[in-house]
Amino acid sequence: MDQKTMKKLVESISNTVKNFKKSEVECLIRLFHSLVERANVRLNNFGLDRNAFRAILHSVFGMTDDMLMNRVFFAFDKDNDNCINAKEWVKGLSVFLRGTFEEKLKFCFEVYYLNGDGYISQEEIFDMLKNSLHQQSSEEETDEGIKELVDITLKKMDYDNDGKISFADFEKAVKKDKLLLEVFGPCLPEAKVECQQLKLVKGTF
Amino acid sequence: MGVALTRSAQWTAAGYGTRTLEITPLNEVILKEIMMFVESFIYKHPQEAKYVFVEPLEWKTNLDPSAFESGYIVSETTVKSEEVDKDGQPLLFLSVPHIKIRSLGQLSRLLLIAKDRKLKEAQACIEANRDPVTKILGLDYNTVKEDTSTVNILDKITKDEDPESEIKMKVGMLLKQLDLHLLNHSLKHISLQICLNPTTVKNDIELLKHFSGKGEQTVLESIDYTSDYEFSNGCRAPPWRQIHGEICYVLVKPHDVETLCVTCSAEGVFLNGGKTEDEGEINYERKSEIYKDLVTFLKEKSAKFSENMSKQDIRFTEEWKKENEEPKEIPKKEEADALPKAFLASSKNILEKNQINFGKTQMTKRLEPSLNWKATVDFKEHKSLLRDTQEEKHGGRLERAGPPVSPGRAQLVRKSAEKIEEILSDSSSENEEDEEPPDHRQEANADLPSEYWQIQKLVKYLKGGNQTATVIALCSMKDFNLAQETCQLAIRDVGGLEVLINLLDTDEVKCKIGSLKILKEISHNPQIRRNIVDLGGLPIMVNILDSPHKSLKCLAAETIANVAKFRRARRAVRHHGGITKLVALLDCAQSSAEPAQSSLYDARDVEVARCGALALWSCSKSYANKEAIRKAGGIPLLAHLLKTSHENMLIPVVGTLQECASEENYRAAIKAERIIENLVKNLNSENEQLQEHCAMAIYQCAEDKETRDLVRLHGGLKPLASLLNNTDNKERLAAVTGAIWKCSISKENVTKFREYKAIETLVGLLTDQPEEVLVNVVGALGECCQEYENRVLVRKCGGIQPLVNLLVGINQTLLVNVTKAVGACAVEPESMMIIDRLDGVRLLWSLLKNPHPDVKASAAWALCPCIQNAKDAGEMVRCFVGGLELIVNLLKSDNKEVLASVCAAITNIAKDQENLAVITDHGVVPLLSKLANTNNDKLRRHLAEAISRCCMWGRNRVAFGEYKAVAPLVRYLKSNDANVHRATAQALYQLSEDADNCITMHENGAVKLLLGMVGSPDQDLQEAAAGCISNIRRLALATEKARYT
């Protein structure tokens, strides 16, 4: 990519993403391109598809849960084209690495609600938590346990008692206890990894 | 013989039937004695030798029939004696190898025949006949012997007159004598045998070491070997001394005696010649008697040791009683060890009384001396037990779902072991939460609250869930009211504590945070604290203090702050390096440049430091921890934190400082770090707790004069005085009055306090206050009243009445302070009138009966100005029935302060002639004379004054001479204290009125010393010295004159 288009891109992205300096944005874009090249044979495609992104989430950010990685991908992919472009990449990472509490709150909520109705429903919670118990003697028992866990969560987070968690519910609960931010599974880089990545952004590229 | 055989002979423990005598020196001696007795019997007691046994003595002999000669009918396999009984039966019958003998005469002959094999024969005889006396005299004599004295036997025998029984009786008597003789003999033998061995000595020393150290509670100041090298046999003495049986040499420093250099040898323990200073060689020569062990030795040498030892004993016994499971075997062994010793001590008087049934009665007594050793032994055992259980725990932690630990036995055992060890390492700060709360678990299924089941469910998720489920469970567990005991105990009882602690060991930051948040809350419960420590939670938390996550550090420190409220926990924190880490947390606040964007879960540096201070505050209640904090460089950091203005931070910081200020080192450091300034500044804070701790810290530090001046220079007296006006918060009031008390030891401060009208306020606080406040208020008034203006002020404010009223209290510290204050007031004649009217003198006088020596001394001091200033003091003193006798008898005390004060009081009492006559009758002269040999200058001064006063009556002068008080008095003149000189010179002047005393003085070189004192600037001293010299001189002239005329 030549200097000019690069500069233009950096300029346009920097206008929307405030958490990074221009030089950092440039680094991230270069990183994006190298990742795309490495992952993608079809060079004409200017973005990361789901599999490539998941591989990155796993190797760089230490995430393991497939389902959640998919959800993170969808949260990154703002325009829903099943492909993350440079802008979405930088934007996503800004929350990932430099996000304020509110930004992260929003991001997590986006990851957790899927069907787009703005609520996390009981079924969705069940889906997300279904692997959270070590296999017990029978599947039935495990299911029972998870159902109860869902009830516990709802009891804790569903302030308006409508059987689903709205953003307001979520915000209120998390603000009360920050530990609940990633309540349905890890969707942010771990603190340790986060530190390393910050260094990465600042220096190496 | 019977008793000696059954009791002291050492039988092999092979069970019945084939039991044989062990070949020990003791047994050999017994056998030889018996043989000598039997051999000579035929010559010494021919009559009794013919007495025929009730039953024959039978055994297997090795003697050949051919050995028998005249007087015997010998065949190939049998031998019969020619001597026969009434029925014609032979008295000796041998049918190889069995032999039967029925008289002592025959026994006697047999031994003669056996010649060199007689020892074997005697042994065989006794082995085969375990109770020879019964066989000889019949069963009835033997039973008689068992339960009563010989008198009964005599009774019994004298009743039937027949000559045979007379002989029988004589035989009985003779045997009895032999028995006694044997016992005596074996005793001598046993006494030679009590030898110490390296292990027992080592154990003794190790034990004593545990209880040595600084402070009043310990038994010794120190005990150390002279040599670090231990030979493989356990001895430390050089080989050429080991030949003499010496095991090691120990330097012992008791509280009240100089360092003793002690030799522990196999024979016992004794004082040696000590270490020579130049070469460090030991003078091996024995300088004292031999004691049977180190403890006995020390008890003899140091009164303090035996006193504290007995206290320890009591403590041990209590410990002992608490535990119902006794490790039976080991004490028994100890008993067995103690047996020969006790045997030695007890059996002597038994023998005197001719009572031979020791054993039963003595057994109980014998147990006593070994009690403390029992404690040692099980202490050791507990330690190893402790280690075991901890190892178990470590193992158990790996599998996440452990069963709830039953805190029964193991815990109990551990507790007591810990206690013993920590008794000394802990400073005895007040409010120690040390009594173990009863561990009540909820009864199964009996009305369990609904929380219990809900918590159980959550714990299930903690155990079986992944990180996500765990976090959810932790968060909802936090929603319970964790301050409520039911919830706290529910978490524990369903096994939640183990899981929570296990979570701390994982890598999941969120789980750790969640878990610590819960632990922090529930650790307010004393039982939970102990459980956390038992489960090994502290080391993990201490490790978390190293974590890069600040909020984790904070939470861990806060939890430690809660847990470390009892000794064992504090010690665990220290042992795992927690103190250093906590001190390091304090450092955070100094790097003030914080990164703007910190991680999501992070706290601020100040917060970290605050939590660190909070934990240190808890930990600083142990002496060793105070030391560790100081060594880790905590004081400068605390001083730095003290400059901040956050109350939340200041309270734990000042709290820690206040706790630590009980140590000398800290007070010096506090001065050096200019902490006082900030303490004073914070007195002006709005926060009552902060004020309280600041005042408390000043109270602790103001023992030191410089600090008192610093408080004044930084303007601390004014806030202190104004805080007096707020009396609602009693804790704070106690701290503030305490600070005022200590500060008012300096005169300049008192002046300031008067300026601030603090004295009036203090007088107002004399009523309706709790004791802690009263002690300090009265203490402060006592200091203030050393000055005239203040005495007047106190009187005018009506302070005397409440002070006198306080004389009837029971709190010792309070009484000491009250007597001092009353004494200070009594210096003023006008105040004295009031005291007299309120019957204060009688109250003071009755305090002379208080058991506490400090109170006695203080009361006696206070009496001095009272007697001086009371109108018609002589009459007043006489009114107290038995009062004079009481005070004279106090001269028998062994407390120097009491003695000095009583001497001073006697000086004042003796000013009245009639009273002097009465105390003379009560024997004041010999008692005073007895005290004369002292090195204590304070006592010397007052003693000399008392003697000089008492000389004024009758022939007391002469009596002092007779009781040898004069020579020691002369030596007082060599003291460095001018007051002693004056008092002594006056006393000598009085004594020199008697010619004999003059001679004694002259002989002891008084003249030269007195001549020097004539030149003193002190007029009284001059006068007295000159007067004394003139008396001596006049006597000399008179003798010369008498000689030449």
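Predicted model: local features only at pLDDT ≥ 70, side-chain atom pairs only at ≥ 80, totals over all residues.
An unreviewed UniProt entry annotates "domain: EF-hand" over residues 64-99, 100-135 and 145-180 of chain A. Two of those spans can be described from the model. Residues 64-99 of chain A are 67% helix and 0% strand, with 21 Å between the end C-alpha atoms. Residues 145-180 of chain A are 64% helix and 8% strand, and here the end C-alpha atoms lie 20 Å apart.

Where do the two chains meet? The contact draws 26 residues from chain A and 23 residues from chain B. Together, chain A and chain B bury about 2200 Å², and 62% of this is on carbon and sulfur atoms. On the chain A side, I152(A), K156(A) and L179(A) provide 27% of the area that chain A buries against chain B, more than any other three residues. Charged side chains take part as well, with 4 salt bridges between chain A and chain B. One pairing to look up is D177(A) with K478(B), whose side chains form a salt bridge at 2.7 Å, N to O.

Now turn to chain B. Its 1045 residues include 54% that count as buried, and the chain holds 58 helices and 10 strands. Of the contacts in chain B with a separation of 6 or more, 69% are between residues 24 or more positions apart.

The unreviewed UniProt entry also lists a "coiled-coil region" at residues 669-696 of chain B. In the model, that stretch is 79% helix and 0% strand, and its end C-alpha atoms are 17 Å apart.

K553(B) sits in helix α25 (residues 550-563) of chain B. Is this lysine buried or exposed? K553(B) counts as buried because its relative accessible area is 15%, and the cut-off for buried is under 20%. Beyond its neighbours within four places in sequence, K553(B) is in contact with I544(B), L545(B), S547(B), L585(B) and V608(B).

The other is R791(B), found in helix α41 (residues 788-796) of chain B. R791(B) is buried too, because its relative accessibility is 11%. Leaving out residues up to four places away in sequence, R791(B) touches C785(B), Q786(B), A824(B), C825(B), V827(B) and E828(B). A821(B) comes 30 residues away from R791(B) in sequence, and their C-alpha atoms are 9.7 Å apart in space.

Finally, a word on cysteines. How many disulfides does the whole structure hold? The search over all chains finds 0.

Key:
Residues numbered from 1 in each chain as written. Chains lettered and ligands numbered in written order. Heavy atoms only, no water. Disulfide = S-S within 2.5 Å. UniProt positions renumbered as here; feature names shortened; annotations may be inferred. Helix = DSSP H or I, 4+ residues; strand = E, 2+ residues; numbered from the N terminus. Buried < 20%, exposed > 50% of the residue type's maximum accessible area, 1.4 Å probe, protein only. Contact = heavy atoms within 4.5 Å. Buried area = accessible area lost by both parts, 1.4 Å probe.
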